[in-house]
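Please look at the sequence and the model below before reading on. The paragraphs that follow are meant to be read beside them.

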Amino acid sequence: METTDEARQEAFERRIARGEKIEPGDWMPDAYRKQLIRIISQHAHSEIVGMLPEGAWITRAPNLRQKLVLLAKVQDEAGHGQYLYHAAETLGATREEMIEALLTGKAKYSSVFNYPSLAWADMGIIGWLVDGAAILNQSMLARCSYGPYSRAMVRICMEEGFHKKQGQEMVIRYARGTPGQTAMVQDALNRWWWPALMMFGPHDSESSNSAALIRWKIKTRTNDELRQEFVNELVPDLHALGLSVPDPALRYNAETSNWITGEIDWDEFWRVVRGGGPCNKERLAARQQAHDDGQWVREALAAYAARTDAGRSTA
Amino acid sequence: MIAPPHPALAPQLLALADDELILGHRDSEWCGHAPILEEDIAFANLAQDELGHAALWYRLVEQLSQARPDHLVFFRQAKHYRCAQLVTLPKGDWAYAMLRQFLFDAAEAVRLPGLAASRYAPLAETAAKIQTEEIYHLRHTRAWVRRLGLGTEESHRRMQAALDALWPYALQLFVPLTDEAALTAAGLVPAAAAMQQEWEALAGATLHDAGLVIPAGAEAVAQDRREIGPHLPGLLDEMQAVARLEGPEVGW
Amino acid sequence: MDTQWPRFEVFEQARPGQPHRNAGAVHAPDAEMALQNARDVFVRRPDCASLWVAPEAAIYSRTAEELTAGEAEAGDEHGPTQMYQVFQKQSQRQAETFVNHLGSVEASSPEAALRQAAEQWGKGAWVWWIVPESAITRSTEAEAASMFAPALNKPYRQPNYYHVQTQMRAVRAHDPDEDEA
């Protein structure tokens with residue numbers, strides 16, 4: 001029987017190498033648990049904060065179909081946050097703690113949501129680019145070694161399918177629509193292109209990805225690899241639609257078949273990651289407001305449940 | 001275009017559609033701001049259901065009048081809308097939102113069986129389709145009304161305040177539209193007065209069990225749906241803003 | 001005190017006759033709200049015929065690794081018995097759901113229930129969940145239509161509602177001279 005921590009660690013690594021999922025209750029190194037809580041809760045926070053730039057436009061959707069579609073998309077994002085918080089909870093984090101970490105600014109979330117959504121066409125660009133980038137990341141994570149996170153990602157990947165497509169459909173329509181629509185979608189692309197590229201994180205050379213994350217199947221592809229795949233898929237389609245990528249240095253390398261972008265503004269990237277983005281304060285204030293406004297509600301239902309037959313109240 | 005069995009039917013259906021649309025719109029304002037994550041998701045379901053119901057009713061209006069649903073929704077001026085004032089009221093707090101939804105869902109529960117028995121087949125079929133979703137709405141909002149009414153002193157106080165404010169608005173749901181009596185006589189829609197009684201019993205039971213008191217001697221806030229109230233113009237300004245950047249024939 | 005409410009595990013049956021499978025969990029103040037939340041969180045797309053919920057606190061969970069590594073747990077063998085529902089994770093295949101329902105046993109404790117379950121359903125399980133029947137709240141057949149049919153009316157939640165491949169092909173067909181590089 002493996003009793004020493006070292007022996008346990010070796011057995012743990014062997015399980016993962018064999019393709020086994022680690023489940024709640026199984027032994028795991030502290031570093032694995034802590035890293036996963038951080039990664040998963042950050043992912044959950046991103047989904048929740050991500051509801052805000054799009055949610056703001058539901059009331060202004062320009063036809064019935066788009067109203068329903070956007071509402072369903074934002075609802076899915078809430079659902080994804082829900083599955084991810086649950087995965088983190090199986091590791092011992094509580095939702096109360098995680099929410100507090102988000103609201104006090106201790107927890108990070110994807111910086112892309114710290115940019116404002118200024119026009120309706122942003123919905124199309126966000127769907128195609130931001131959800132498109134997320135899908136690349138998520139497909140990788142569906143194979144991760146921790147069971148609850150892997151399962152949450154499988155469900156998220158299935159649901160995310162329509163998010164990117166509805167965005168792309170909108171961009172296709174507006175790029176070939178009225179002059180006003182074309183201008184609106186080009187402007188949205190101009191503003192979201194670089195934030196979308198930044199979603200993949202720093203260059204590999206600057207990235208502190210540990211060998212452990214790769215071994216634990218949490219990160220199986222590098223930031224630059226994913227970013228390159230994203231750009232290669234997107235640029236030809238944008239060009240085919242007559243849209244221009246806001247990057248004067250963008251060039252096609254025929255030898256490598258890669259679209260090479262200009263350099264990302266890393267000062268901007270770190271400024272926004274550290275809380276200096278245009279909407280950081282606004283996003284957290286909105287979440288804080290919802291949380292505060294909801295306190296009396298949560299307390300009321302807890303009080304009702306405590307007084308009635310616990311777990312078995314009547315409708 | 002199907003010849004209508006009665007000229008007042010299209011306006012009646014328009015009113016039903018407008019109620020669902022504006023309520024769905026108000027419900028959608030909560031997405032991302034609900035008291036807990038599970039309810040962000042749940043209330044977004046109700047909002048989608050209501051918008052879906054609106055789309056179904058607008059389609060019936062289109063069959064009778066050739067007016068396209070998106071035109072009706074995005075290019076009609078506030079003064080031509082025929083929703084009850086109840087659905088136009090702003091978000092309010094969670095007690096207000098749940099109670100408004102409950103009062104409306106209870107009205108649907110009472111009205112839809114009557115509509116499902118309409119002599120006009122498309123109307124009957126649409127009502128039957130909507131009924132299935134509304135059963136769940138009533139279950140959801142009834143559970144919330146009960147829990148908030150009985151939960152804590154604060155939740156009870158907020159629910160009673162919401163009820164005091166919303167009851168006169170809810171009464172307007174049963175004020176017959178112009179020519180509605182003729183539609184009832186023709187077997188096209190159920191009788192408003194009988195529905196109101198049934199609704200007061202149904203809603204009243206839940207409210208009473210939740211420890212809430214219905215304001216006595218209340219009257220409907222308006223007798224005519226052409227009195228659109230002060231909130232609809234601002235709501236429509238926002239709702240129609242993007243669509244109106246281009247003409248009604250432009251697709252989005 | 002302000003909390004996010006306790007957790008209830010959710011079990012979903014896709015079609016009649018199939019086993020219920022754990023889909024995830026919801027936070028809810030009580031069982032009725034848990035059942036409703038389960039429907040809203042997990043049944044937005046087809047198919048679902050039945051939902052069960054049970055408080056997370058009532059579930060006795062053991063992984064194969066925990067059982068091998070740990071001491072044998074005694075548990076009451078002789079007291080009054082109750083029914084326990086037994087769930088098991090049976091394979092390492094990538095999936096959306098976790099443990100599957102196998103059936104029920106009568107036992108005096110969760111530990112005793114697990115021992116019986118292991119005898120009845122073999123020891124090849126990766127994870128066992130033992131759930132007291134008394135802790136489970138189920139959707140009924142009468143309410144199935146209003147609970148689950150509405151998910152069928154939301155085609156816009158499915159990727160096949162959008163036709164970007166067709167549209168991009170049409171876009172490219174209009175620009176035969178389009179130069180990629």
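The model is a predicted one, and the description may begin with how its chains meet. Chain A touches chain B through 46 of its residues, which are in contact with 49 residues of chain B. The area buried between chain A and chain B comes to about 4,100 Å², and carbon and sulfur atoms give 68% of it. Within the area that chain A buries against chain B, A:Leu64, A:Gln75 and A:Trp296 supply 19%, which is more than any other three residues. One salt bridge is found across the interface of chain A and chain B; a salt bridge joins the side chains of A:Arg95 and B:Glu38, with 2.7 Å from N to O.

The interface of chain A with chain C can be described in the same terms. Here 60 residues of chain A are in contact with 57 residues of chain C, and the two chains bury about 5,200 Å² between them, with 52% of that area on carbon and sulfur atoms. A:Arg151, A:Arg155 and A:Lys165 supply 12% of the area that chain A buries against chain C, more than any other three residues. How many salt bridges does the rule find across the interface of chain A and chain C? There are eleven, and a salt bridge between chain A and chain C is made by the side chains of A:Arg298 and C:Asp2, at 2.8 Å from N to O.

Over all chains, the structure holds 50 salt bridges. One of them lies inside chain A, where the side chains of A:Arg215 and A:Glu13 meet at 2.7 Å, N to O. A:Arg215 belongs to helix H8 (residues 211-215) of chain A and A:Glu13 to helix H1 (residues 5-17) of chain A, so this pair ties together parts that are 202 residues apart in sequence.

The next topic is the packing of helices in chain B. Helix H1 (residues 9-28) and helix H5 (residues 94-116) of chain B have axes that come within 13 Å and cross at roughly 150 degrees. H1(B) and H5(B) are therefore roughly antiparallel to each other, because an angle over 145 degrees counts as such, and H1(B) passes H5(B) in a left-handed crossing. On the side of H1(B) the contact is made by B:Leu16, B:Asp19, B:Glu20, B:Leu23, B:Arg26 and B:Asp27, and on the side of H5(B) by B:Arg100, B:Gln101, B:Phe104, B:Glu108, B:Arg111 and B:Leu115. Sorted by class, these residues are four nonpolar, one polar and seven charged.

H5(B) also packs against helix H9 (residues 192-209) of chain B, their axes coming within 9 Å and crossing at roughly 135 degrees. That angle makes H5(B) oblique to H9(B), and the crossing of H5(B) past H9(B) is right-handed. H5(B) contributes B:Leu99, B:Phe102, B:Leu103, B:Ala106, B:Ala107, B:Ala109, B:Val110 and B:Arg111 to the contact, while H9(B) contributes B:Met195, B:Glu198, B:Trp199, B:Leu202, B:Ala203, B:Thr206 and B:Leu207. The contact of H5(B) with H9(B) divides into twelve nonpolar, one polar and two charged residues. B:Arg111 is listed both in the contact of H5(B) with H1(B) and in the contact of H5(B) with H9(B).

A further pair in chain B is formed by helix H6 (residues 121-150) and helix H7 (residues 153-171), which pack at an angle of about 120 degrees with their axes 6 Å apart.

Two details of the backbone remain. In chain C, the peptide bond from C:Pro46 to C:Asp47 is cis, with omega near -10 degrees, and C:Asp47 has its place in the loop between helix H1 (31-42) and strand E3 (50-55) of chain C. In chain A, A:Ser257 is not a glycine and yet has a positive phi of about 60 degrees; A:Ser257 is found in the loop between strand E1 (251-253) and strand E2 (258-260) of chain A.

Note on methods. Residues are numbered from 1 along each chain as its sequence is written. Chains are lettered from A and ligands numbered from 1 in the order in which they are written. This is a predicted model: local features need pLDDT of at least 70, side-chain atom pairs count only at pLDDT 80 or more; totals for chains, interfaces and linings use all residues. Side-chain values use heavy atoms; hydrogens and water are left out. Axes are lines fitted to C-alpha atoms, for helices over the stretch in contact, and angles run from 0 to 180 degrees between N-to-C directions. Helices (H or I, at least four residues) and strands (E, at least two) are DSSP runs, numbered from the N terminus. Angles under 35 degrees count as roughly parallel, over 145 as roughly antiparallel, 65 to 115 as roughly perpendicular and the rest as oblique. A crossing is left-handed if the near helix is turned anticlockwise from the far one by less than a right angle, and right-handed if clockwise. Contact means heavy atoms within 4.5 Å. Ala, Val, Leu, Ile, Met, Phe, Trp, Tyr, Cys and Pro count as nonpolar, Asp, Glu, Lys and Arg as charged, and the others, Gly among them, as polar. Buried area is the accessible area (1.4 Å probe) that two parts lose on being put together, summed over both. A salt bridge is a side-chain nitrogen of Lys or Arg within 4 Å of a carboxyl oxygen of Asp or Glu.
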